[in-house]
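Please examine the sequence and the model below. The paragraphs that follow lead through selected parts of the fold.

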Amino acid sequence: MQNGTNSGASNGAATAGKCPFRGSRIGGGYGDGPTLNDWWPDRLRTELLHQPSNRANPLGEGFDYAAAFGALDLDAVKKDIFAVLTESQDWWPADYGHYGPQMIRMAWHAAGTYRIADGRGGAAGGMIRFLPLSSWVDNGNIDKSRRLLWPIKQKYGASLSWGDLMILTGNCALESMGLKTFGFSGGRADNWEPDTGTYWGNETEMLARRRWEGDAAAGEADLENPVGASEMQLIYVNPEGPDRNYNTAAAAREIRETFARMAMNDEETVALIAGGHAFGKSHGPVDEKNVAVAPGGASIEDQGFGWKNSAGTGNAEYTFTNGIEGSWTQNPTRWDNEYLENLFNFEWEPTKGPSGTTQWKPKVDSPESRTPDAHVEGETHPLMMMTTDIALRDDPAYAAVCRKFLDDFEYFSDAFARAWFKLTHRDMGPRSRYVGKEVPAEELIWQDPIPALEHDVIDDSDVANLKTRVLSSGLSVSALVSAAWASASTYRDSDKRGGANGARVRLEPQNGWEVNNPAQLGDVLGTLEKIRGEFNGGQSGNKRVSIADLIVLAGCAAVEKAARDAGVDASVPFTPGRTDATQELTDVESFEWLQPVADGFRNYQTRMFEATTETLLIDRANLLGLTAPEMTALVGGLRVLGANWDGSAHGVFTDRPGVLSNDFFVNLYDMRYEWRALDPVKMGFEGVDRATGRRAWTATRADLIFGHDEQLRSVGEVYAAEHQRFVHAFIAAWHKVMMADRFDLAGRG
């Protein structure tokens with residue numbers, strides 16, 4: 001710091017001979033003091049709608065990753081990966097001289113966070129690179145796997161994302177050890193910042209189990225939605241058994257529950273476990289006390305390396321990962337059926353491993369029941385099973401699948417290959433997003449297939465004609481808007497499922513969802529089907545309109561009419577080309593998970609949840625990929641258009657419903673009205689005229705949050721002051737939702 005005089009110093013400014021930065025914190029306020037959430041834990045986290053941010057992306061917003069990956073020589077990339085798999089590095093030696101098993105685990109754990117309840121998790125985005133996943137106890141030493149792959153990532157740069165590289169490496173590992181894989185798709189563009197919005201459970205300790213309600217010992221406990229794992233910081237279940245108790249029946253129950261949360265049935269579950277455990281070993285030869293903190297808590301000089309092990313060399317035969325020690329098979333780098341053969345051919349008993357964890361060993365020690373050491377030449381060890389492995393043998397349904405695989409190794413190989421493909425691709429969405437020469441030709445039911453477009457699409461004059469027919473049909477603006485919203489708003493940006501394409505709103509299960517008001521929806525669909533039939537019947541060529549397109553077009557026509565009635569002449573964009581799915585192409589059980597338990601856009605919530613109504617609204621907007629201004633415009637517009645699920649007046653702050661006015665915001669912010677709760681839990685409210693005491697409006701929390709939350713109010717005030725801006729904002733956000741699933745269009749990967 002400079003010495004000298006400062007004759008103008010006053011009011012705390014630097015004085016002669018003193019440093020102007022005398023305190024210990026000078027970083028512009030980025031210290032570790034209390035956050036907004038610390039001070040106000042109940043605040044609405046509206047900022048979650050603006051993640052991930054393009055400002056964090058070093059590749060730039062215009063970078064087309066799918067095109068970049070598609071231009072790669074995939075054979076050359078795989079050749080490089082195959083080379084890495086068998087080139088053991090001194091800093092992290094390969095078990096059995098082959099990194100294949102280690103890479104399978106990395107790919108599995110990257111993909112295995114996927115959960116069907118909200119579509120979050122999975123390998124897309126390469127999120128295992130970031131907290132919290134990077135430091136979960138179940139992901140121990142995956143940081144080493146990524147470092148082994150760094151030379152390949154460095155070589156191909158932006159053309160090969162971490163998400164794709166990790167899954168492709170898992171495939172290469174399987175192939176290098178003898179399995180014929182089902183296929184591979186690229187296209188997983190990387191994220192560039194941690195996900196701070198996904199709910200992984202409310203526990204604050206690893207392996208905690210507060211997510212269960214009921215009597216777990218009696219098998220009558222329920223796992224909290226939407227979490228997919230049985231304990232905090234696990235991918236699925238505790239390998240020692242629930243709460244480290246080697247009860248195989250309880251383990252089987254939790255396996256079935258957690259794998260179902262990942263959309264896997266019993267056969268797929270057994271295939272994945274038996275197939276995955278055909279390779280490699282588990283690591284726990286030393287006391288866990290030797291293992292230091294995860295990467296998230298490591299020192300800066302560790303450069304992202306976590307779980308440093310002070311025992312011996314800290315790696316090779318001293319490697320500690322989950323505490324269980326041993327291999328399942330005699331040939332851990334070969335694809336075979338030894339896992340299932342060992343599971344059923346030997347008698348197993350529980351024992352304590354070297355680190356004190358519970359595992360299982362053969363009751364009779366023999367040369368046939370031993371496996372080679374992964375690093376020490378000539379040394380052997382007893383085979384190992386986990387409690388979750390023995391559970392497959394003890395559970396009757398799982399055991400039947402195991403026997404089926406034992407009797408037909410070829411069938412088992414195919415079942416595992418298909419289950420692995422599903423595991424690693426479930427979060428990628430429709431096949432139109434798949435990229436690369438190894439994309440399977442076979443279309444699978446879990447990919448939500450939609451028929452290819454085989455007719456000419458309607459043109460502008462047809463669009464105008466159909467709009468006229470729709471608006472003269474007698475259907476109300478609110479009914480048309482509600483049907484289009486019901487169709488399109490099923491979309492989830494998390495796993496790219498749902499949306500208007502396919503018109504599954506007319507099929508089971510969506511046509512019976514309470515939130516869709518089945519009676520009204522049925523009337524709209526019946527009328528639109530009649531209009532469609534008349535239009536298509538009058539065409540001489542191959543031009544047709546699908547019901548999927550017509551549902552959206554009808555909603556757009558209604559929005560345009562509502563805007564005109566409000567004095568704004570605005571056009572709502574419409575792009576044809578959707579096709580119609582069939583019931584046979586619809587997995588009813590899988591689609592049932594898309595049914596909203598709450599939808600603040602339609603003021604739908606039939607019971608209370610631990611999360612507040614407004615938090616559930618934010619969550620739904622996040623799944624739709626909306627920003628805070630887009631969400632605000634849509635809610636305000638849907639209210640005045642009368643799109644509440646049950647036709648109620650909650651939040652319809654206007655005396656001209658069906659008109660796209662900004663009355664929702666104008667009246668919400670009007671100080672003539674005082675708001676009062678109608679119930680002790682504050683779910684319903686009334687707006688009372690301060691002068692007369694007369695009730696003017698009724699509302700829910702999904703309405704009043706736009707006056708209560710400071711960020712949402714600041715946006716709503718813009719729309720209250722500028723009607724035209726609001727109308728155009730609503731139309732833009734409406735169009736975004738209607739087009740969210742149009743991955744069939746060029747550039748929509």
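**A hairpin, a sheet and a helix**

Strand E5 (residues 348-352) and strand E6 run antiparallel and are joined by five bridges. The model in which this pairing is seen is a predicted one. Within the pair, Trp-348 stands opposite Pro-362 of E6. Five residues lie between the two strands of this hairpin, and Gly-356 takes a positive phi there, near 95°.

Strand E6 covers residues 358-362 and includes Gln-359. The relative accessible area of Gln-359 is 7%, so this residue counts as buried, the limit being under 20%. The side chain of Gln-359 reaches the backbone oxygen of Glu-325 at 2.8 Å. Leaving aside residues up to four places away in sequence, Gln-359 touches Ile-324 and Glu-325, then Glu-349, Pro-350, Thr-351 and Gly-353, and also Met-384 and Met-385.

Strands of a sheet pair through backbone hydrogen bonds, in either a parallel or an antiparallel manner. Between strand E12 (residues 684-689) and E13, which run antiparallel, there are five bridges. Glu-686 has Thr-698 in E13 as its bridge partner.

Helix H23 spans residues 723-738, 16 residues in total, and reaches 23 Å from its first C-alpha to its last, close to the 22 Å expected at 1.5 Å a residue. Its buried residues are Phe-726, Val-727, Ala-729, Phe-730, Ile-731, Ala-733, Trp-734, Val-737 and Met-738. An α-helix has 3.6 residues a turn, so residues three or four places apart point the same way. Several helices contribute to the cover over the buried residues of H23, including H14 (477-488), H16 (547-565), H19 (628-640), H20 (663-668) and H22 (710-721).

How many disulfides does the structure hold? The number is zero. Cys-172 is buried, with a relative accessible area of 0%, and Cys-402 is likewise buried, with a relative accessible area of 0%.

Notes:
Residues numbered from 1 in each chain as written. Predicted model: local features only at pLDDT ≥ 70, side-chain atom pairs only at ≥ 80, totals over all residues. Heavy atoms only, no water. Disulfide = S-S within 2.5 Å. Buried < 20%, exposed > 50% of the residue type's maximum accessible area, 1.4 Å probe, protein only. Helix = DSSP H or I, 4+ residues; strand = E, 2+ residues; numbered from the N terminus. Polar contact = N/O pair within 3.5 Å; in protein donor to acceptor, adjacent residues only side chain to side chain. Contact = heavy atoms within 4.5 Å. Expected span 1.5 Å × (residues − 1). Pairing = 2+ DSSP bridges.
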